[in-house]
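Q: Please take a close look at one residue in this model and describe its setting. Please then relate that description to the confidence of the prediction and to other local features of the chain.

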Amino acid sequence: MSKRDISLRYREKFLQAKHQRQVRTYEAAWDECIRRERDAGQVAADARVRRPASPESAAEQPPAVRARKPPLPEAASPQDVEPPVVEFSLTYHTKFGQELCIVGSSAELGSWDLERRVPMSWTDGDVWVAKVEFPPGKQDVQYKYLLKKSDGGIVWESGLNHHTQVGMGVSPLKCPDRWGEG
């Protein structure tokens with residue numbers, strides 16, 4: 001076999017291997033898109049508010065879907081108060097296999113423990129969202145966003161901690177943030 005034949009044979013094998021890698025990469029990207037679409041669909045379903053046709057049907061709907069109760073008088077008992085919900089959101093472009101999480105000073109955000117971090121869901125426009133329910137009552141909360149890399153490594157957001165006050169009467173409280181601008 002001549003040098004030219006061997007060279008052509010290796011080139012053909014190389015091109016086949018390259019094509020197979022591209023197909024695997026495209027298939028993995030497609031699977032990631034499907035996963036993100038499912039996650040976005042779940043977030044969108046959680047965010048939808050349905051208006052009941054009658055007062056009777058309102059009682060059948062889950063609490064997150066029912067209209068918010070009017071403010072309670074000062075003498076209301078703690079079990080009558082709806083827990084505040086905070087919607088954390090961050091626009092961040094991730095690479096394949098990466099995802100965002102949030103960790104913070106409150107127990108609901110993991111008390112700065114990475115094992116108890118709160119995962120975020122990807123939505124259209126590279127917006128990552130996490131809705132977190134807090135116990136009734138006012139509290140100051142500090143938090144940071146984390147990037148979980150495809151190899152399992154964690155990258156902490158740089159800069160100061162983000163800060164919000166929970167339980168100030170607004171629910172859901174929306175916290176649109178920017179990476180590194182706490």
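A: His-162 is found in strand E8; strands here (E, at least two residues) and helices (H or I, at least four) are DSSP runs, numbered from the N terminus. At 2% relative accessibility, His-162 counts as buried, where buried means under 20% relative accessible area, exposed over 50%, and partly exposed in between (1.4 Å probe, protein chains only).

The side chain of His-162 is joined to that of Glu-157 by a polar contact of 2.6 Å, and to that of Asp-177 by a polar contact of 3.4 Å. A polar contact is a pair of N or O atoms within 3.5 Å; within protein, one must be able to donate a hydrogen and the other to accept it, and residues adjacent in sequence count only if both atoms are side-chain atoms. Leaving aside residues up to four places away in sequence, His-162 touches Val-141, Gln-142, Tyr-143, Lys-144, Tyr-145, Glu-157, Asp-177, Arg-178, Glu-181 and Gly-182, a contact being heavy atoms within 4.5 Å.

This is a predicted model, in which local features need pLDDT of at least 70 and side-chain atom pairs count only at pLDDT 80 or more, while totals for chains, interfaces and linings use all residues. Residues are numbered from 1 along each chain as its sequence is written, and side-chain values use heavy atoms, with hydrogens and water left out.

The protein chain has a mean pLDDT of 80, and 78% of its residues reach 70 or more; pLDDT is the predictor's confidence in each residue, from 0 to 100. Among the elements of the chain, strand E3 (residues 118-119) has the highest mean pLDDT (96) and helix H2 (residues 55-60) the lowest (45). Over residues 48-70 the pLDDT is below 50, and this stretch has 14 contacts in the model beyond near neighbours in sequence. Where pLDDT is low, the predicted coordinates should not be read in detail.

The loop between strand E8 (162-166) and strand E9 (173-177) holds Pro-172, which is partly exposed at a relative accessible area of 40%. The C-alpha atoms of Pro-172 and Val-85 are separated by 4.7 Å, although these residues are 87 apart along the chain.

Asp-126, in the loop between strand E4 (121-123) and strand E5 (127-133), has a positive phi near 60° and counts as buried at 19% relative accessibility. Ser-111, in the loop between strand E2 (99-104) and E3, has a positive phi near 50° and is partly exposed at 36%. Most residues other than glycine have a negative phi.
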